[in-house]
Amino acid sequence: MSHDTQMTGRPVISATGLFTPADSISNEELVASFNEFVRRHNAAHADVIAAGEAEPLNESSVEFIEKASGIKSRHVMAKEPVLDPDSMGPRWAERSNDELSLMAEIGVAAARQALERAGRKASDVDAVLCAASNMERPYPAMAIEIQQALGIDGFGFDMNVACSSATFGIQTAADYIRAGNARSVLVVSPEITSGHLNWRDRDSHFIFGDVATAVLVEDAAIAPAAHWDILGTKLKTVFSNNIRNNFGFLNRASPEGQGKADKLFVQEGRKVFKEVVPMVAEMIVSEAERLGIDPAGLRRLWLHQANAGMNRLIAQRVLGHEANADESPTVLDTYGNTSSAGSIIAFHLHSDDLVAGDTGLICSFGAGYSAGTVFVRKAA
Ligand code: COA
């Protein structure tokens, strides 16, 4: 769809959607399977460990996970293989090209809910952005498959900005609307993080969960009355190796590196914590100032869901006092870190009670580093 510049629009969020996998893994279940893997590994390598030629693996602990991250459980697309000490990773049958692929399937489920909540027919949507930290394949784009499954006549493409993919997607969609190039854009974030998490790595095996979210960004002129005005969007990236995944299409050129730990998610968690908190807090405060918003008056923060301690510190710096659960809701306790979907889940589950005129902030941060802010105000 194309529009001339006289049709420039004012972007709003019309509705959101959420798909939550049925399977959930508690910390107790996760640690029991991890520790069984450790015991088997150490027993199988007892000779070299006794000879001092290899270090034994250490067990994980429920107490550490809850204290260090705030995560108590996470949803996954397939629980059994993740908990099986022999596989410790997701497993499902490969799908044929005629079947809807898995990322598209859960993206479509979230998108349908967003459309339904907005009272929008798919045929009235102009574009689909699939914004997520990993794509199931390089091409055809996941977004185009989702577009086709929903019956949307328009265009779609994939974008990956790791944990900030959804907010970058929202700004991109908002810019299409501001420029008059679209009036209704779906930003879909299917995050099958169980596929890039190293379930055998004690430092990170507890972090991620699977989910899909959708955000319908539209021109105010066509949006339902109960929408969220987008007051302003801001994006920031600063290169860092502290969260990295070296999986990619050039891996085949270096067979010696295939299957190594760096081909899955790896991070220096403590450095990330220390570097990202001040960067994000400062970004929120300066963007609020630019928009003429008093950060202390924000009704609610829907922050990226990676670590409860990070969110406590960021919310404290933004609001000027320790935030309560009403001001800065947590979903990572039951969802884990769902990468780009985290702040959108928080917004989806904890926004119905706000009233017209309430101002809030959707904020993401993560690998790249990347961070995005979307200030919103409830219209009705
Ligand atoms: N069980 C028990 N102990 C564990 C453990 C586990 N699963 N994992 C690590 N430990 C130990 C470490 O070995 C270390 O022991 P030591 O002090 O004897 O060396 C100790 O716990 C502290 O480890 P550390 O990695 O420094 O923990 P942390 O307090 O930094 O918490 C994270 C780890 C990952 C929860 C935290 O750093 C974090 O969430 N950071 C932000 C990450 C983020 O936002 N990433 C974005 C991803 S998209």
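Me: What classes of residue make up the shell around the ligand?

Reply: The shell around the ligand holds eight nonpolar, six polar and three charged residues, where Ala, Val, Leu, Ile, Met, Phe, Trp, Tyr, Cys and Pro count as nonpolar, Asp, Glu, Lys and Arg as charged, and the others, Gly among them, as polar. This is a predicted model, in which local features need pLDDT of at least 70, side-chain atom pairs count only at pLDDT 80 or more, and totals for chains, interfaces and linings use all residues. Residues are numbered from 1 along each chain as its sequence is written, and side-chain values use heavy atoms, with hydrogens and water left out.

Me: Which residues come nearest to the ligand?

Reply: Of the 17 residues around the ligand, the nearest are C163, R202, Q267, R270 and N307, and a residue is near if one of its heavy atoms lies within 4 Å of the molecule.

Me: And how far is the side chain of Q267 from a nitrogen atom of the ligand?

Reply: An N or O atom in the Q267 side chain is 2.8 Å from a ligand nitrogen atom, while a polar side-chain atom of S60 lies 2.9 Å from a nitrogen atom of the ligand. For G269 a polar backbone atom is 3.0 Å from a ligand nitrogen.

Me: Switching topic, which element gives the most to the shell around the ligand?

Reply: That is α8, with three residues, and α8 spans 269-291; helices here are DSSP runs (H or I, at least four residues), numbered from the N terminus.

Terms used
A polar contact is a pair of N or O atoms within 3.5 Å; within protein, one must be able to donate a hydrogen and the other to accept it, and residues adjacent in sequence count only if both atoms are side-chain atoms. Helices (H or I, at least four residues) and strands (E, at least two) are DSSP runs, numbered from the N terminus.
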